[in-house]
Amino acid sequence: TKTVYTFGGDAPKPDARQKDKTITGGKGANLAEMASIGLPVPPGFTITTEESVRYLREGAAFSDGLRSDVAAALNHIEKTVGKRLGDAADPLLVSVRSGARVSMPGMMDTVLNLGLNDETVEGLAGASGDPRFAWDSYRRFIQMYSDVVLGLDHGLFEEALEVAKEDKGFYNDTELTADDWRELVGEYKNIVAQEQDESFPQDVQQQLWGAIAAVFESWDSDRAKIYRRLNDIPADWGTAVNVQAMVFGNMGDTSATGVAFTRNPSTGEKVYYGEYLINAQGEDVVAGIRTPQYLTRAAREEAAAKPLSMEEALPDAFGELSRTFELLEQHYTDMQDIEFTVERGKLWMLQTRTGKRTAKAALKMAVDMVGEGLIDEKQAVLRIEPMALDQLLHPTLDPDAKRDVVTTGLPASPGAASGKIVLDADTAEQRAGRGEKVILVRVETSPEDIHGMHAAAGILTARGGMTSHAAVVARGMGRPCVSGASSVSIDLKNRSLRIGTRELREGDTITLDGSNGQVMAGEVATIEPEMEGDFGTLIGWADEHRRMRVRTNAETPEDCRMARQFGAEGIGLCRTEHMFFDANRISAVRQMILADDEAGRKAALEKLLPEQRSDFHAIFDAMAGLPCTIRLLDPPLHEFLPTGDTEFAELAELTGVGTDHLRRRASELHEFNPMLGHRGCRLGITFPEIYAMQVRAIFEAACDVARDSGEAPIPEVMIPLVATARELAILKALVDETAETVFAEKGARVEYLVGTMIELPRAALMAGEIAEEGAFFSFGTNDLTQTTLGVSRDDSARFLGPYVEKGIFARDPFVSLDIEGVGQLVRMAAERGRETRPDIKLGICGEHGGDPASIAFCEEVALDYVSASPYRVPIAKLAAAQAVL
Ligand code: PEP
Ligand code: MG
């Protein structure tokens, strides 16, 4: 198999392997593809990801095959450009970059200007007629190579540059002359010689292989590992290496470099969007060293910025760039994120990839592209990452709320967040771990800050543009971000900062509006999101295609209304115990639990009946006409017990029973293993009067709502934690009997079902028999995961972290269903249930009902519906549609 693929010049058209991102990485595959559709791409070659995996596995050794393949591919570049690497008269220079299967912004390493040494720098100066450019390139090369390959601290070089500028009284790098740069190169070489025992490598082959090795090894750097963990990227993918002829954006005022998106990645609008810098090299734009300029005249004018846009300064190259944008969108049928360089007026493409975008932009682009005929509705539905909708389903700042705006930066990533200021990533992680909402404030961010950015609710930087590290990463994570707020100055020593004229301290609250770049002191009120526009359009398309229904887990009328607004098609789980904790009722509940006998319990239940009836009345009203699964009481009784002295005293007064007696009853109820104890249907078997009260409340409310509104709710009474068919038979009889009594009293009936949860392995095994008693199954995968794995759902956080890190579980099984294991039980129970009762209704109401990967599995086993928390309903709808497309 080939280890190296060439592109550009007269390289052959890419074959299937070269087009495969898993082999040549995203960057390599796209460079070859761009070259093959006639776009200007500097010639180069890609070393496959397979080689990097081999290199890392075989203890940092290159194979002979790779050495000769690289030599041949280098020959392709030399022939195409007409220059040779290491030629003292007119040297070829190359870039060496990483390129994994998926883009990992800023995570891995790049070396530019490779091939320069003390000899070739003179050749470059002569051949280009621009010594300043040659020496600038050489010092850039030494700096990057020393950082990336030799592992020296890049701060040492920056310091030397700052000192040189200060000595000369310069402010900008562009003010330095050829001689200044030459002098600095001398200093840089001294730094290298001091920091390590060898001097800077002059052999260009040694340079090349050193850079290739460094890119291979960057796959296992700490920051790459963190990024992989946060983004679920497997460790065994490896990275490709791209070696490409250099083109130079730093050859004077007709040269430039830039990054661009074919549409606005923040809002989705169809406008070219990006930044460029005249007389600069690639890293200058992203690193935020100089403030980049606008691409289009319109953007410059809107920002009232002075420096000319690319459209104005380099009109020909800009025209070429616009044509390229259109070509790329037609070819890839998606928004592209591009890197380009203009060398003495000529445009070169250095990269294209599908651009990262905010959820809002993703929606707008998908809907617009259907309108433009670029993609169809199904592609649009498939294009949106369901979990990304989460960004849109949360509150935004109330436009009418008062805003104490302290400064305005760039609107780098939309959404709003309030939180306490933290000044470094570790503090962000610690305080967020304690449940605080924090805003990470940095001069600029780097890949070392990733964990803090993840922990933060929002990110504010003093420096950097819309394509800075902070902006790109924040958009990817869905965190609101304001970047380049230049009036922010940070005093790390005193843990304080100044914004404009305001003095603030770490821990003070600020609010960010990532949609307009505003930074506000204090907290600002928020409003609920809108479900219309592009969002509504796309969910409408998902609705047309999905097969499974989507219900919600809800127990308050507010949750029900919210879920209906989000498009819920019924309640999949109403956990009635939550209603028992209400301040007005808890004492009646306690009275019931601690009663000595049935009569005592009944007296307390009498008080609870009207309360429960009004709960269900409100819920049925909100869900008029839709099926509502109401689960009878489930948790261990001890969860309701009084604890403190005052609680016992209050209860004693209410019941007229002494506190000593109450305390004795409470300790009698103590359980060693409550999750496997006196809970679920075991409560109904031992204290039938509790369930009878709940069932009466359900049917009285249902009959009342049917009478008053004319639209009858469809109660589905659900029995929890069933292990045997007999338990369900006994309790179903109780439900039917109670329902008949109520119907007789009311002189009216409503349609209803009685069914059960499948949340114990025995229930899954015996599903065939259980289906004889129950008209529906709802998979309670929270308990089913707990009981199948023997892992306590309430204690697992203490040890599941390392389990996921060590790859024992790919994801937390309480978040994403363990399809291999627990999934087998679900599949089997569904099959056995259907054998007994072909029209049995099957659904899922564990947290997994809102997780896209688990939803895909539910489609596979053909459940009738999934049930998710209200905010997850649109996510579940989209995931359900994607599961059938
Ligand atoms: C379940 O166990 O999956 C379930 C939905 O019930 P609960 O979470 O209330 O135990
Ligand atoms: Mg449960």
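Predicted model: local features only at pLDDT ≥ 70, side-chain atom pairs only at ≥ 80, totals over all residues.

**Entry 1: the whole chain**

I started with contacts. Of those between residues at least 6 apart in sequence, 69% join residues at least 24 apart. I counted up the secondary structure next and got 35 helices and 33 strands. For the overall dimensions, I took a box along the principal axes, and the C-alpha atoms fill roughly 105 × 60 × 50 Å. The chain has 885 residues, and 50% of them count as buried.

**Entry 2: the annotated active site**

Which residues does the UniProt annotation "active site" cover? The record, an unreviewed entry, gives His469 and Cys845. I checked how they sit relative to each other: they are spread over 377 residues of sequence, and also spread in space, up to 39.5 Å between C-alpha atoms.

I took His469 first. I found it in helix α19, which runs over residues 469-477. Is His469 buried or exposed? It has 23 C-beta neighbours inside 10 Å, and the cut-off for buried is 20 or more, so His469 counts as buried.

Then I went to Cys845. This residue is in the loop between β32 (841-844) and α34 (852-860). Cys845 has 28 C-beta neighbours inside 10 Å, so I put it down as buried. I also listed what Cys845 touches, leaving out residues up to four places away in sequence: Asn553, Gly572, Leu573, Ser778, Gly780 and Ser867.

**Entry 3: a helix pair**

I looked at how α15 (residues 359-371) packs with α20 (residues 533-545). Their axes come within 9 Å and cross at roughly 65 degrees. The crossing is left-handed. From α15, the contact uses Leu363, Lys364, Ala366 and Val367, and from α20 it uses Asp534, Phe535, Thr537 and Leu538. I sorted the contact residues by type and got five nonpolar, one polar and two charged.

**Entry 4: the nonpolar core**

Two of those names came up again when I looked at the largest nonpolar core, namely Ala366 and Leu538. This core has 258 residues, and the members touching the most other members are Val94, Ala366, Ile439, Leu440, Ala456, Leu538 and Val866. Which helix gives the largest share of the core? That is α27 (residues 688-709), with twelve residues.

Leaving aside neighbours within four places in sequence, Ala456 is in contact with Ala428, Ala432, Val438, Ile439, Leu440 and Arg479. Ile439 and Leu440 are also on the list of core members with the most contacts.

**Entry 5: two positive phi values**

I went looking for residues other than glycine with a positive phi. Asn113 has phi near 65 degrees. Asn113 is in strand β6 (residues 110-114), and it is buried because 25 other C-beta atoms lie within 10 Å.

Leu721 also turned up, with a positive phi of about 55 degrees. Its place is the loop between β29 (714-719) and α28 (725-746). Leu721 has 24 other C-beta atoms within 10 Å, so it is buried.

**Entry 6: spot checks**

Thr22 is in helix α2 (residues 21-36).

Thr239 lies in strand β7 (residues 239-245). I found 32 C-beta neighbours inside 10 Å, so Thr239 counts as buried. From Thr239 to Gln694, 455 residues apart along the chain, the C-alpha separation is 60 Å.

Last stop was Ile278, in strand β9 (residues 273-278). It counts as buried because it has 23 C-beta neighbours inside 10 Å. Ile278 and Ser255 are 23 residues apart in sequence but 5.9 Å apart in space, C-alpha to C-alpha. Setting aside residues up to four places away in sequence, Ile278 touches Asp253, Ala256 and Ala313.

Conventions:
Residues numbered from 1 in each chain as written. Chains lettered and ligands numbered in written order. UniProt positions renumbered as here; feature names shortened; annotations may be inferred. Helix = DSSP H or I, 4+ residues; strand = E, 2+ residues; numbered from the N terminus. Buried ≥ 20, exposed ≤ 12 C-beta atoms within 10 Å, placed from the backbone. Contact = placed C-beta atoms within 7 Å. Axes fitted to C-alpha atoms, helices over the stretch in contact; angles between N-to-C directions. Left-handed = near helix turned anticlockwise from the far one by under 90°. Nonpolar A, V, L, I, M, F, W, Y, C, P; charged D, E, K, R; others polar. Core = buried A, V, L, I, M, F, W, Y, C linked by C-beta atoms within 7 Å.
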